[in-house]
Every structure is written in structure tokens, then in C-alpha cells.
Amino acid sequence: MARYAVEVKNLNRTFTTKAVRGKSKKEIVKALNDVNLTINEGELFGLLGPNGAGKTTLIKILCTLLLPSSGEARVLGHDVHKDTNAIRQKINMVSGGETSGYGLLTVRENIWLFSQLYGIPSKEANRRIDMLMKELKLEHKKNSKVRTLSTGLRQKANMVRGFMTDPALIFLDEPTLGLDVNASRLIRDFIKNWIREKPSRTVLLTTHYMVEADELCDRVAIINDGRVLACDTPDNLKKLIHQDSVLKLEIRQVDNVTAFENIAGVRNFTHSNDMASGITRLKFILDDEAIVADIVAAVPKSGSKILSVQKTEPTLEDVFVALVGRGLTNHEV
Ligand SMILES: Nc1ncnc2c1ncn2[C@@H]1O[C@H](COP(=O)(O)OP(=O)(O)OP(=O)(O)O)[C@@H](O)[C@H]1O
Ligand SMILES: [Mg+2]
């Protein structure tokens with residue numbers, strides 16, 4: 001039987017916000033609304049959704065920091081209601097924008113303190129801390145006080161703290177929130193390398209950056225208003241919206257285009273000649289991406305030469321808009 005790193009069934013979580021005297025009514029927020037999902041061991045899984053979608057709530061439940069209102073959740077085979085200790089020993093969590101740590105201690109002292117709280121033997125703790133600081137390019141700041149660190153460096157220190165326990169499953173809540181392009185890239189590369197090192201490692205990360213979900217994740221669940229709207233590989237999600245993949249070619253002018261007709265996998269083919277500039281423009285609507293090679297191969301057969309190629313593809317942003325009816329208001333990374 002396949003073992004899931006995370007298994008969530010009919011999960012609900014509601015919050016009741018307190019009424020402000022005389023001014024507002026008591027309000028019930030459904031932060032998670034009948035969520036079902038499974039994450040395989042070894043997967044880099046992403047929860048993608050806008051502010052307030054329920055991403056952090058789900059992570060908190062899986063980390064045993066919050067109980068569900070109803071439904072089931074199992075982490076590495078353990079029930080979040082009953083087996084909190086077993087879960088906590090095997091996981092760790094890092095949140096973007098987290099200001100954990102003692103500002104007056106140095107980066108090294110802080111991380112060391114956590115290693116002792118986690119009960120990692122000294123020698124092993126030193127080895128892991130040095131290795132992680134090196135990989136995350138934090139070494140030069142090891143003797144700086146935590147309170148003097150920039151957002152990016154602080155997030156790297158949080159990452160060292162989280163990965164130091166060598167968890168089987170790590171939860172990363174918006175790991176690149178507010179970071180610049182270079183720091184984001186370093187952290188994304190680190191995550192990719194980490195999961196590749198051991199097949200049993202699993203990552204669940206949340207993000208509202210489309211590009212990040214697309215680039216990093218094996219599978220992505222799109223979540224909005226507490227509901228999972230779709231869950232699949234980024235490629236399959238893009239296919240969901242049936243936006244046709246379009247290939248446009250400009251070739252040196254030909255009079256005969258029979259070489260381009262009846263190529264298997266082309267749904268539609270049109271062409272036009274631009275006599276003035278000596279160009280023939282070809283447009284293909286594709287059922288299958290793989291046939292781009294066949295089309296390109298047909299150009300010399302027609303006695304012509306490629307001048308330009310242009311292909312347009314749907315993005316995860318298009319998928320999100322199609323599912324939610326509006327875009328994610330964020331700057332892309
Ligand atoms: N402790 C709480 N009390 C009341 N409402 C809460 C509480 N925690 C979360 N909520 C509400 O639950 C919903 C989901 O919040 P959550 O923090 O899980 O979203 P999120 O997807 O992590 O959003 P963000 O991108 O802003 O981090 C929101 O409407 C939020 O206001
Ligand atoms: Mg959140």
C-alpha cells in the first residue's frame with residue numbers, strides 16, 4: 001500500500017471572530033472547507049492561493065499547532081488528533097517573515113540554542129549548522145546579532161533552524177515572502193537540492209507566487225476561500241483550461257505549403273504570404289506539444305528556411321483566473 005506523507009479527508013476549520021461591542025456581529029469564517037488531498041512521500045507539493053485562502057491554517061493543522069473543527073488529517077501515518085508527539089519528532093516548519101530567535105544573540109548562538117532545544121548531539125549539530133550556513137550563504141554573518149539582519153538573511157537563518165533537524169517532512173509557509181530575486185532563487189535552489197538528496201524527504205510549501213509554484217513543485221493544489229479547486233502537476237493544470245497551444249512560424253516565402261498539411265497532432269493550420277518582405281507566415285494550433293519538431297522538420301522539405309518561431313502557452317496565472325474568476329494580485333518573482 002502506498003504510504004502518504006500527508007493524507008487529509010473532509011477537513012474543516014472554522015474560526016469565530018469576536019464581535020466588537022456595538023460595532024460588528026460575531027462572524028464565522030470557514031478557513032478550510034471540506035479539504036481533501038494526499039501528498040506522496042518524496043513529493044515537493046505546493047499550496048497556491050491568495051491571502052486568506054487557508055494555506056497557513058492547513059499547515060498549522062498538519063504541524064499539530066491547531067486542531068481541525070472536523071475531518072481527518074494524517075501526517076507520516078500519524079493522526080493529528082492523537083499522535084502529536086510522533087508527528088513533531090519527524091517534521092519541522094519555517095514561515096516566511098518569521099521573526100523567531102533572540103535578537104541579542106548572534107546568528108550562530110541562536111541556531112545553536114535551537115539545536116540544543118531540539119536535542120541534537122553537539123558534534124552532529126555543529127556539522128549540520130556549518131553545512132547549512134554554507135549552503136545558504138550565511139557563513140559571513142554567523143557572528144552578527146540577529147536583530148541586525150536584513151529580511152533575506154533572517155529568512156536564511158530560519159531555514160537553517162528548520163532544516164537542521166533533518167526532518168522527514170518540512171512545511172515551508174511562504175519561504176520567499178518579501179525576498180529579492182537573488183535570495184528567492186537561492187532558497188528555491190536549496191529546497192530543490194534538499195529534496196533530491198534523499199527520496200524519502202517531502203516538502204509542503206505555500207506560496208502566492210505563480211512562477212514559484214510552477215518552477216518548484218511536482219504537484220500544486222490551487223486553494224481559494226478554504227477550498228481546493230484543483231490539484232495536479234503544473235503541466236496538467238495548464239492543460240485543464242484547454243487554452244490552445246499556438247505555434248507561429250515565419251519562413252522564407254514559399255508558394256507551396258503542402259509539406260505542412262496533414263501533420264498528425266495539428267488541429268488547425270493557416271498561412272499567409274507577405275509578398276513585400278518575402279515572408280510566409282504559418283500558424284498551427286497544436287493538440288500535442290511534441291509535434292513542434294515535426295513542423296520544424298517540414299520547413300526544409302518545403303524548400304524554405306525558418307526566420308522566426310513563436311510559441312505561446314498558458315501559465316498557472318491563466319489557470320488561476322479560469323478557476324477563481326480573478327487574478328492573484330502579486331508581483332511575480
Ligand atoms: N486565529 C484566527 N482567528 C480568526 N480568523 C482566522 C484565524 N486564523 C485565520 N483566520 C481566517 O481564516 C482564513 C484563512 O486564513 P489563513 O491565514 O489560513 O490564510 P492564508 O492562505 O495563509 O493567507 P495569507 O496568504 O495571507 O497568509 C482567513 O479568512 C483568516 O482571516
Ligand atoms: Mg498564510
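The side chains of Arg127 and Glu124 meet in a salt bridge, with 2.9 Å from N to O. The model is predicted, so that local features need pLDDT of at least 70 and side-chain atom pairs count only at pLDDT 80 or more, whereas totals for chains, interfaces and linings use all residues. Residues are numbered from 1 along each chain as its sequence is written, chains are lettered from A and ligands numbered from 1 in the order in which they are written, and side-chain values use heavy atoms, with hydrogens and water left out.

**Exercise 1.** Describe the salt bridges of Glu124 and the accessibility of the residues that take part.

*Solution.* Begin with the criterion: a salt bridge is a side-chain nitrogen of Lys or Arg within 4 Å of a carboxyl oxygen of Asp or Glu. Besides the bridge to Arg127, Glu124 forms one with Arg128, at 2.8 Å from N to O. Next, place the residues: Arg127 and Glu124 both lie in helix 4, 3 residues apart, and Arg128 and Glu124 are 4 residues apart in helix 4, about one turn of the helix. An α-helix has 3.6 residues a turn, so residues three or four places apart point the same way. Finally, consider accessibility, where buried means under 20% relative accessible area, exposed over 50% and partly exposed in between (1.4 Å probe, protein chains only). Arg127 at 47% is partly exposed, as is Glu124 at 25%, while Arg128 at 17% counts as buried.

**Exercise 2.** Locate the salt bridge between Arg188 and Glu212, and state whether each partner is buried or exposed.

*Solution.* The closest N and O atoms of Arg188 and Glu212 are 3.1 Å apart. This pair links distant parts of the chain, since Arg188 belongs to helix 6 (residues 181–197) and Glu212 to helix 7 (residues 210–216), 24 residues apart. Arg188 counts as buried at 3% relative accessibility, and Glu212 counts as buried at 0%. Salt bridges that share partners join Arg185, Arg188, Asp189, Lys192, Glu212 and Glu215 into one network. In the whole structure, a search finds 17 salt bridges.

**Exercise 3.** Work out how the buried residues of helix 3 are arranged and what they pack against.

*Solution.* Helices (H or I, at least four residues) and strands (E, at least two) are DSSP runs, numbered from the N terminus. In helix 3 (residues 107–117), the buried residues are Val107, Arg108, Asn110, Ile111, Phe114 and Ser115. Seen down the axis of helix 3, these residues fall within an arc of 165°, taken from the directions from the helix axis to the C-beta atoms, so they line one face of the helix. They pack against helix 4 (122–135) and helix 5 (151–163), contact meaning heavy atoms within 4.5 Å. Just after helix 3, Gly119 takes a positive phi of about 75°.

**Exercise 4.** Give the strand order of the open sheet and identify its edges.

*Solution.* The open sheet is formed by 4 strands in the order 12-13-11-14, with antiparallel pairing; two strands pair if DSSP finds at least two bridges between them. Its edges are strand 12 (266–274) and strand 14 (306–312), each of which pairs on one side only. Within the sheet, 8 bridges join strand 11 (residues 245–252) to strand 13 (residues 279–286), and the bridge partner of Glu250 is Arg281 in strand 13.
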